Amino acid sequence: MSTLSLQIPPSLKFTDEEFEQIVDFNKELRLELTASGELIIMSPTGGETGNRNFDLIGQIWFWSRKNNLGKAFDSSTGFKLPNGATRSPDASWIKIERWDALTPQQRKKYLPLCPDFAVELVSESDDVEDTRKKMREYIENGLRLGWLINPKDKQVEIYRAGKEVEVLNSPTSLSGEDVLAGFSLDLEVIFG
C-alpha cells in the first residue's frame, strides 16, 4: 500500500476529535496520524495484498475466537498510542483484561492503548523502511510481539519488547509465542 504524507505545520496539532472528524469526512481514505502531527494517507491495496491480508486476519480471528484470550482487530481499527500517534496495524490483538478495562465509550473510539500484538504486511508499493519505523514505534509504545511480513522477499522481521529484531528468511510458519499462546501463522498461503 503506497502512502502519501501530508505535512501539518507544527502549530497546527489535531485533537483526537478533530482527527476523527477528518476521518469521518474522508471515509474512502485510510488515515493515520504520527506523534509529530504528520497525517499519513494510505492508498487501497492491490488484489494480491488484499487477499494476503484477508488470510492473515482470518487465521488470527479463528484462533482468537476459539480461545477467547483477547480481542483481534483488522486494519480499520485505530489505536491511540501513548506517544500521541494514531496507528492502524494490518492485524492486531489485545489481551482480554486490557479490553475489559476499557470503558464502553473508549471501545467505540480509537483504542487508547498500544496493542499487545501487531502485524504489518508489506505490499508491493510500501516503503519497507517506513514500515520498520512503524514497528519500532509500536515496540516503544508497549507492543509485546510484532511481525513485519514481506511476501516479496519471503522474509519476516520479529519485533519483541526489550530484544533485538529477529529476521527469518522463508519461514513456513510463525509462533505466537507467549503473547498469542498456541497460535501458529501458516505463511505458505501468504508467501504463495
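User: Which residues does leucine 185 touch, not counting residues up to four places away in sequence?

Analyst: Contact here means heavy atoms within 4.5 Å. By that rule, leucine 185 touches Leu56, Gln59, Trp147, Ile149, Thr172, Ser173, Leu174 and Ile190. A word on the source: this is a predicted model, where local features need pLDDT of at least 70, side-chain atom pairs count only at pLDDT 80 or more, and totals for chains, interfaces and linings use all residues. Residues are numbered from 1 along each chain as its sequence is written, and side-chain values use heavy atoms, with hydrogens and water left out.

User: Which residues touch the most other members of the largest nonpolar core?

Analyst: In soluble globular proteins, nonpolar side chains tend to be buried together. A nonpolar core is a set of buried Ala, Val, Leu, Ile, Met, Phe, Trp, Tyr and Cys residues joined through side-chain atoms within 4.5 Å, with buried meaning under 20% relative accessible area (1.4 Å probe, protein chains only). The largest one has 21 residues, and Phe117, Trp147, Ile149 and Leu185 touch the most other members. Apart from it lies another core of 17 residues, among them Ile94 and Trp99.

User: What is the strand order in the open sheet?

Analyst: Strands are DSSP E runs of at least two residues, helices H or I runs of at least four, numbered from the N terminus; two strands pair if DSSP finds at least two bridges between them. The six strands follow the order S4-S7-S8-S9-S10-S11, with mixed pairing. S4 (70-74) and S11 (166-169) are the edges, each pairing on one side only. S7 and S8 run antiparallel, joined by three bridges.

Technical notes: Buried < 20%, exposed > 50% of the residue type's maximum accessible area, 1.4 Å probe, protein only.
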